[in-house]
Amino acid sequence: MISRLFDIVSRRIDGPLMVAVVLALALGLTVVYSASGGASVDRVLGQARNIAIAAAALWVVANIPPQALMRLAVPIYAAGLALLVAVALFGEVRNGARRWLNLGFTTLQPSEIMKISVPLMLAWYFHRHQEGIKLRDYAVAAVLLALPVGLVVRQPDLGTALLIFASGFFVIFLAGLSWKLIAGFVVAGLASLPFLWGMLHDYQRRRVLTLLDPTEDPLGAGYHIIQSTIAIGSGGVLGKGWLNGTQAQLDFVPERSTDFILAVFGEEFGLAGNLLLIALYVLIIARGLMIAANASTTFARLTAGAVTLTFFTYAFVNMGMVSGILPVVGVPLPLVSYGGTALLSMLAGFGILMSISTHKQLVSS
Amino acid sequence: MSIGLALRDQRAELSTFRARLLVAGLLALAAFGVLVARFVWLQVVQRAHYHTLAEANRISVVPVVPNRGLILDRNGEVLAANYSAYTLEVTPSKVGDVERAIDELAQVIEVSPRDRRRFRKLQEESRNFESLPIRTRLTEEEVARFAVSRYRFPGFEIKARLFRSYPHGDIASHAVGYIGRINEADVRRIEAAGLATNYKGTDHIGKLGIEGAYEKELHGTTGSEQVEIDAGGRAIRSLSRAEPQSGNNLVVTLDVKLQRVAEEAFQDFRGALVALDPATGDVLALVSRPGYDPNLFVDGIDPANWDALNNSPDKPLNNRALRGQYPPGSTIKPFMALAALTYGKRTPEQTISDPGHWMLPGVSRPFRDWKPGGHGVVNLHKSIVVSCDTYYYGLANDLGVDAIHRFMTQFGFGSRTGIDIDGELPGLQPSTDWKWQRFKQKWYAGDTISVGIGQGYWLATPMQLAVATATLANGGTPVHPRLVRAVQDARTQQVRELPVRLGDKLAIKPEHVELVRAAMVDVTRPGGTAVRAAQGAPYLVGGKTGTAQVIGMKAGEKYDEKRVKERHRDHALFIAYAPADAPRIALALLVENGGHGGSTAAPIAREVLDYYLLGKRPERKLPLVAEEAEGD
């Protein structure tokens, strides 16, 4: 009876991936406790609830066979796009950004859905055209990608747009877009930088400028970066110890339980902690890439690869920004930062990976 | 074939995919490599640098202000004390619209119009980042009410502060002085003296009087505390603390009870009084009336009170005892007599016949005696007792102004007495040199004649008169007046007596001094000009009255003081010492527009002498009459 229950629960769970994810989540909870001042467990309990919900989503998604996921790709994408349009038209404005849809009983951030639905949609598209992918197909994929990215950039939400773009781009890249075209795009991208610069909002420009010289505006836009690098740097090799980070505990690190939680972690656990975290990420990414490499359909391969590389993007962009080598964009540290929405889409993504990994035999047989 | 092609296609696609995956994986690994390098850079290579920055972030060194020393009178009565109270302070630079914030604050705790005016004045005088009090002396309830809605008032803070209080109010205000908020001039002074570190956190400084002059003793040594602060600048905990060292207490020479008697004796008159211990120069009382309440200045005086004090025609802020320069009038006659004896210009027996005026050879205008018709036959003794002007006109002419100058400067006239508080003025002892330097004019013989009765160019402060009187009273040893007699160390509680400073004994003969003093005693006896000073007293008083003219009188014109306005009435002067045989107190006083010394000034002196020597006030309160009475 118990073993049957265990079987139901664990049948679609990928062991190695799950272990690494659980370790990272556990690490996250300890840091969230510290980042909330170490005085109350409210935030930890809140995050535990977020994890429970996201884990449930992971389990549900893992139990959906890839073929079923493929059938859902188009409807989810279409619904997500419709919601993004609705946001643009009727969305709620908070802090100067129009990102939320008020449904009366709750608010929804449709851009989060796109982080999952864009790779699914593009993978579905390339799967349908796998017999001979032509340049036209890449163009179609580019349009399918550009629509949601454009809508999210306009909200504006640079961090999410970046992740959606990354998730779609990885599909296109893995589908075999020629290197020449990639090189062409890179050159075109660089050439259009001045133009893009003109399109950025003031605060976004300031973030980029601040990265180049944070001391320019130490109390304004540069404050975040200066304080987080001080936190990390002062942590040294072994860190100041859990709950003992002065930068973190005395409020010098802004947004310390969400986007800047790495500053808390790096200060209290030092280089050793950072290396451990990176190791866990590498493990997760390696396992994801392995699942992608062994997947049996084009859809499964592209989806698994894109989900895994999107996860990498999360980790790299966040760690890069908190340590002061990338501009500040609103990207959480995956599996560690406090917050439910990003965690939900992330674990749903791991659910897809596990679905692909555990349904492989059925498909091939 | 199509299947085979499809399979081959699939295989090709798979290998492309895996190649791409490998590239992506390697790129990801390289990216993590960059992050690892970054972390090594920050956490290993640059660790010391960032550690320093983090410590600088969290540790703030806060000055701990020492308690200011107390000021005690000679009997231990407190003249300046400290008390702790809550203030509500604002740092304007941290508040956007200060006026609006204060409006909102007024809904939580009371902010009176006076508080607002005072705050506005402080704001004008200070820099924007200074913390300025908007309300002082908050009650516990007000503190609690503010604490509840504190979040609404960023930049506002409740502070427990030590306040200065002067429990005796305007009594002795001119001697004690007051402290006030440090202004820009003070800051420059502090910086020039290299004391900037010791004044960190201090926002008050002694401005005047003993508070000003003994600032160094009273202030103490500022301590410091290392506190851990959060990003909002709030102190979290103390890391280490160097205790401040309180300022030293001062024991002053004043007897506040005597001081009060002296001040109250003036009733509503303006004027000044200085009483000294003739043996030491200790200031027993230092009066300048009207006084002011120094408590008004402690936390910034509000404009209404300031204007009232500053614009009053009574000039309550002017320390008349040290800064009032008046013609000393007949009070200098005993010193003139002493000069005559010392320089051999008169003998005690020598007499003149006084017709009521004196003629300077070659000048047609007569110099009039105060008494029409004159005093008849007058010798040195009588000249003092009846204050005969004619006697001194001739004497001054015989002495010459430079001999007068030489003799009088020995008694302290014409220069600062060196009392241990600031602001004293030097008076003026005229001489031919002085007139030449000042006006580029030669000295006329006629100038000397008015100097002979303490008029003309001669100006003296009440303090100078008191010093001269004390010198006469002790037999000729010049005294240096002092207000502070001892310093009590804040740490050891040990009392360090400050040395008494006395000048070299003057080259005057004791028998001459005796002659003059005998005459001064008769001044206060029946037949003298100041009978009221000693009537019925169980001790003998030596004294001399005087009158300082406020407006000049034309030759031949009868001066009818009933007709001139009160402000143009003469100033009344009196100098005295007692007991006459072994003086324990010497004083000089002036009543502005008091008329003649005998009628208004002498009764005030009597109250002071009685209280000091007998410990009580005279049984019969003497009315002060600011009118012409017989005598000068």
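In helix 14 of chain A, 25 of the 25 residues are buried, so this helix is largely enclosed by the rest of the structure. A residue is buried here if 20 or more other C-beta atoms, placed from the backbone, lie within 10 Å of its own, exposed if 12 or fewer, and partly exposed in between. Helices (H or I, at least four residues) and strands (E, at least two) are DSSP runs, numbered from the N terminus. The model is predicted: local features need pLDDT of at least 70 and side-chain atom pairs count only at pLDDT 80 or more, whereas totals for chains, interfaces and linings use all residues. Residues are numbered from 1 along each chain as its sequence is written, and chains are lettered from A and ligands numbered from 1 in the order in which they are written.

The end C-alpha atoms of helix 14 (residues 298-322) of chain A are 36 Å apart, which agrees with the span for its 25 residues at 1.5 Å a residue. The expected span is 1.5 Å times one less than the number of residues. Just after this helix, G324(A) takes a positive phi of about 85 degrees.

Helix 6 of chain A also reaches a length close to the expected one, as the table shows.

| Helix | Residues | End-to-end C-alpha distance | Expected span |
|---|---|---|---|
| Helix 6 of chain A | 135-154 | 28 Å | 28 Å |

Helix 6 of chain A bends by about 25 degrees at A146(A), and the proline P148(A) follows within four residues. The bend is the angle between axes fitted to the seven residues ending at a residue and the seven starting there. Among the buried residues of helix 6 are L144(A), L145(A) and P148(A). Its buried residues pack against helix 4 (66-90), helix 5 (110-128) and helix 7 (158-174) of chain A.

In chain B, nine of the ten residues of helix 13 (residues 333-342) are buried, so that helix is largely enclosed by the rest of the structure. Its buried residues include K333(B), F335(B) and L341(B). They pack against several elements of chain B, among them helix 14 (380-385), helix 20 (510-523) and strand 19 (542-548).

Chain B is assigned domain 1 (61-252) and domain 2 (257-614), with bounds from an automatic or database domain assignment. Their centres, taken over C-alpha atoms, are separated by 42 Å. In contact (C-beta atoms, placed from the backbone, within 7 Å) are 41 residues of domain 1 and 32 residues of domain 2. On the domain 1 side, helix 4 of chain B gives the most, with five residues.

Between the chains, 35 residues of chain B are in contact with 38 residues of chain A. Helix 1 of chain B supplies the largest share of the chain B side, 21 residues.

The largest nonpolar core has 121 residues, and V274(B), L587(B) and V608(B) have the most contacts inside it. Such a core is a set of buried Ala, Val, Leu, Ile, Met, Phe, Trp, Tyr and Cys residues joined through C-beta atoms within 7 Å. Domains 1 and 2 of chain B both give residues to this core, so it lies between them. A second, separate core of 119 residues includes L120(A), F260(A), V329(A) and Y50(B).

Notes:
Two residues are in contact if their C-beta atoms, placed from the backbone, lie within 7 Å.
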